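Please read it with the sequence and the structure at hand.

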Amino acid sequence: MPVPLPQSFFARPAEVVAPELIGCLLVKRQADGDLLCGVIVETEAYSQDDPACHGYRRRTPSNETLFGEPGRFYVYVSYGIHHCVNVVTHRAEWANGVLLRAAALPDEPERVAAGPALLARRFGIDGRRDAQPSDPEVGLWLAARPPGWEALEPSDLMQTTRIGISQGQDLPWRWYLRASRSVSKRVRGDRTPARADALGVAALPMGF
């Protein structure tokens, strides 16, 4: 079984955790017991002192999870229809989290989870997962990088500004894996790698 990341991993500022989540696994235990797994290839960080953060103005019942203990999932609805999956980071009483923007899944279309709404849909994640811990016991967790991915370097990532927000656009708090074809949106001038050059997931030894 993919080794879950410890709570201490998440007990750091979102802008530290977000790039380190690239290459890690999002794992869900399905109804039949099989594990659905995707490699995270794009993330965004949000913090309470950032105007784009849901907890920036005030604490409400809808964003309560974001103020909780690190290592829990914060699931919200965007535009009234799309679920988006975050993991809470840093510390309790301080809104802080990382949005999981895109993942690559073995033996599936490369863009099946290339965006936060697509990711949530493919993994079947909705509001019922809000406030749940990242833990195999609840059937949804974030796991360490699989074999072959541990050696990712900062130079393997593109750091840029976040997208789809109206405030805080200047903060360079989005990261994505340069060698992935599953990124939701690339920086202008950064061309999608050819399939022969992309870091694929089809043959990854996931450990299950």
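## Rings and charges

Arg12 lies over the face of Phe9, at 4.8 Å from the ring centre; a charge is taken to sit over a ring if NZ of Lys or CZ of Arg is within 6 Å of the ring centre and within 35 degrees of the ring normal. The model is a predicted one, in which local features need pLDDT of at least 70 and side-chain atom pairs count only at pLDDT 80 or more, while totals for chains, interfaces and linings use all residues. Residues are numbered from 1 along each chain as its sequence is written, and side-chain values use heavy atoms, with hydrogens and water left out.

A pair of aromatic rings is described by the distance of the centres and the angle of the planes. Rings of Phe, Tyr and Trp (its six-membered ring) are paired if their centres lie within 6.5 Å, and planes under 30 degrees apart count as stacked, over 60 as edge-to-face and the rest as tilted. By this rule there are two aromatic pairs. Phe9 and Phe10 make an edge-to-face pair, with 5.2 Å centre to centre and 80° between the planes. Tyr74 and Tyr76 make a tilted pair, with 5.6 Å centre to centre and 35° between the planes. Phe9 and Phe10 are buried, and so are Tyr74 and Tyr76, where buried means under 20% relative accessible area, exposed over 50%, and partly exposed in between (1.4 Å probe, protein chains only).

## Salt bridges

Side chains of opposite charge can pair when their charged atoms come close. With a salt bridge defined as a side-chain nitrogen of Lys or Arg within 4 Å of a carboxyl oxygen of Asp or Glu, a search of the whole structure finds 12 salt bridges. Three of them are listed here.

| Glu108 | Arg122 | 2.7 Å |

Helices (H or I, at least four residues) and strands (E, at least two) are DSSP runs, numbered from the N terminus. The salt bridge of Glu108 and Arg122 links distant parts of the chain, with Glu108 in the loop between β5 (96-104) and α3 (116-123) and Arg122 in helix α3, 14 residues apart. Glu108 counts as partly exposed because its relative accessible area is 25%, and Arg122, at 28%, is likewise partly exposed. Glu110 is partly exposed, with a relative accessible area of 27%, whereas Arg181 is buried, at 18%. Arg128, at 69% relative accessibility, counts as exposed.

Salt bridges that share partners also join Glu42, Glu44, Arg101 and Arg174 into one network. Arg174 is placed in strand β8 (residues 174-177), and with a relative accessible area of 2% it counts as buried. A polar atom of the Arg174 side chain lies 3.2 Å from the backbone oxygen of Thr161.

## Nonpolar cores

A nonpolar core is a set of buried Ala, Val, Leu, Ile, Met, Phe, Trp, Tyr and Cys residues joined through side-chain atoms within 4.5 Å. The largest has 45 residues, and those with the most contacts inside it are Phe10, Leu21, Leu26, Leu100, Leu119 and Leu142. Strand β2 (residues 35-47) contributes the largest share of this core, seven residues. Apart from it lies another core, of 11 residues, among them Phe67, Tyr76, Val88 and Leu99.

In helix α2 (residues 14-21), the residues Ala14, Val17, Ala18, Pro19 and Leu21 are buried. Helix α2 is followed by Gly23, whose phi is positive, near 95°.

## Ser47 in strand β2

Ser47 lies in strand β2 and, at 6% relative accessibility, counts as buried. Not counting residues up to four places away in sequence, Ser47 touches Cys53, Trp94, Ala95, Asn96 and Trp173, where contact means heavy atoms within 4.5 Å. The side chain of Ser47 makes a polar contact of 3.4 Å with that of Trp94 and one of 3.1 Å with that of Asn96. A polar contact is a pair of N or O atoms within 3.5 Å; within protein, one must be able to donate a hydrogen and the other to accept it, and residues adjacent in sequence count only if both atoms are side-chain atoms. The C-alpha atoms of Ser47 and Pro13, 34 residues apart along the chain, are separated by 8.0 Å.
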